[in-house]
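Please work through the following exercises with the sequence and the coordinates at hand. Each task is followed by a solution in steps.

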Amino acid sequence: MPDLPFVTLLTDFGDRDPYVGVMKGVMAQICPQLHFIDLTHEIPPQNLAAARFSLANAFPYFPPHTIHLAVVDPGVGSNRRSVAIELENGYLIGPDNGILGGVFSQYPIVTAVELNNPDYWRTASPSHTFHGRDIFSPAAAYLANGVPMGELGTAIDPHTLVDLDLPECEANDSGYLGSVQYCDRFGNLVTNIPGSYVAGKSWHAVIANRHLASHQKYNDVAVGELLALVGSHGWVEIAANQGSAAAQLPQSWGAEVQIILSATG
């Protein structure tokens with residue numbers, strides 16, 4: 001690791017409480033020169049799918065050797081594993097509960113370890129409710145300081161890492177059937193349908209029995225009107241111009257979305 005890497009943080013801790021600051025303090029004690037980048041701390045509480053989506057979509061925009069520390073951990077204190085994963089272009093640290101799967105399912109894994117070496121914990125008796133402070137943060141800081149992955153814990157088979165069992169986009173006679181995988185703060189409903197599937201084609205979307213024309217940008221429709229488009233993240237999304245699609249449509253998370261391709265497309 002030639003240079004001191006960045007450490008990104010993604011949690012569902014919010015900004016009201018000191019939990020994120022405490023994690024940074026633990027890392028700063030070990031590696032004072034670390035550079036932190038906050039991806040988000042506003043993941044809906046315990047929402048593993050939202051954490052998985054957010055981390056996977058952020059990962060490609062960081063330099064090699066960046067350490068991505070993600071803590072959305074409803075199973076903290078249980079027998080779920082704490083892991084560190086080395087990829088060809090970065091590192092992941094967090095609970096083995098599926099939130100890291102959006103990244104390691106796309107990029108080759110070099111090695112993975114269970115973080116079970118207490119020499120690299122904050123304390124040999126970690127809290128049952130705050131592994132972010134006592135296990136994950138120290139691991140990230142020691143890794144940034146040059147401690148080899150193999151020292152942090154026991155090697156594990158990458159094929160045993162947990163990924164979420166999420167609905168997949170499927171092709172059908174009329175186009176594609178997918179679902180809403182993420183809702184951002186603007187109320188945009190991001191589907192699991194890749195934008196590449198509709199590139200250069202004529203199409204519209206159906207959600208909650210609403211047929212929505214496809215457009216290229218939000219202001220192609222009137223203020224408050226619903227539309228479908230491919231967002232900057234590369235997925236088909238359902239949005240409302242200067243409004244919230246989530247507020248207008250029931251059952252936003254996981255809602256079924258149909259893409260209808262026009263016969264002339």
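The exercises below concern a predicted model.

**Exercise 1. Helix packing**

Task: Determine how the axes of helix 1 and helix 4 cross, and which residues meet there.

Solution: 
- Step 1. Helix 1 covers residues 19–30 and helix 4 covers residues 131–144; their axes come within 8 Å and cross at roughly 40 degrees.
- Step 2. Angles under 35 degrees count as roughly parallel, and 65 to 115 as roughly perpendicular. The crossing angle of roughly 40 degrees therefore makes helix 1 oblique to helix 4.
- Step 3. The sense of the crossing between helix 1 and helix 4 is right-handed.
- Step 4. Helix 1 contributes Val-22, Met-23, Val-26, Met-27 and Ile-30 to the contact, and helix 4 contributes Gly-132, Arg-133, Ser-137, Pro-138, Ala-140, Ala-141 and Tyr-142.
- Step 5. Sorted by class, the contact of helix 1 with helix 4 comprises nine nonpolar, two polar and one charged residues.

**Exercise 2. Cysteines**

Task: How many disulfides does the model contain, and why does Cys-183 form no such bond?

Solution: 
- Step 1. The criterion for a disulfide is a pair of cysteine sulfur atoms within 2.5 Å.
- Step 2. The cysteine sulfur closest to that of Cys-183 is in Cys-169, at 19 Å, which is too far for a bond.
- Step 3. The count comes to zero disulfides.
- Step 4. As to accessibility, Cys-183 is buried at 18%, and Cys-31 is buried at 1%. The limit for the buried class is under 20%.

**Exercise 3. Positive phi**

Task: State the phi values of Gln-46 and Gln-242, and locate both residues.

Solution: 
- Step 1. Most residues other than glycine have a negative phi.
- Step 2. Gln-46 has a positive phi, near 65 degrees; its place is the loop between strand 2 (35–40) and helix 2 (48–58).
- Step 3. Gln-242 also has a positive phi, near 55 degrees, and lies in the loop between strand 14 (235–240) and helix 6 (245–248).
- Step 4. The relative accessible area of Gln-242 is 68%, so Gln-242 is exposed.

**Exercise 4. Surroundings of a strand residue**

Task: Describe the surroundings of Leu-87 and give its distance from Phe-104.

Solution: 
- Step 1. Leu-87 is part of strand 4, residues 82–87.
- Step 2. A relative accessibility of 3% places Leu-87 among the buried residues.
- Step 3. Apart from residues up to four places away in sequence, Leu-87 touches Phe-59, Leu-92, Val-103, Phe-104, Tyr-107, Pro-108, Ile-109 and Val-110.
- Step 4. Phe-104, one of these contacts, is 17 residues from Leu-87 in sequence and 7.5 Å from Leu-87 in space, C-alpha to C-alpha.

Note on methods:
Residues are numbered from 1 along each chain as its sequence is written. This is a predicted model: local features need pLDDT of at least 70, side-chain atom pairs count only at pLDDT 80 or more; totals for chains, interfaces and linings use all residues. Side-chain values use heavy atoms; hydrogens and water are left out. Axes are lines fitted to C-alpha atoms, for helices over the stretch in contact, and angles run from 0 to 180 degrees between N-to-C directions. Helices (H or I, at least four residues) and strands (E, at least two) are DSSP runs, numbered from the N terminus. Angles under 35 degrees count as roughly parallel, over 145 as roughly antiparallel, 65 to 115 as roughly perpendicular and the rest as oblique. A crossing is left-handed if the near helix is turned anticlockwise from the far one by less than a right angle, and right-handed if clockwise. Contact means heavy atoms within 4.5 Å. Ala, Val, Leu, Ile, Met, Phe, Trp, Tyr, Cys and Pro count as nonpolar, Asp, Glu, Lys and Arg as charged, and the others, Gly among them, as polar. Buried means under 20% relative accessible area, exposed over 50%, partly exposed in between (1.4 Å probe, protein chains only).
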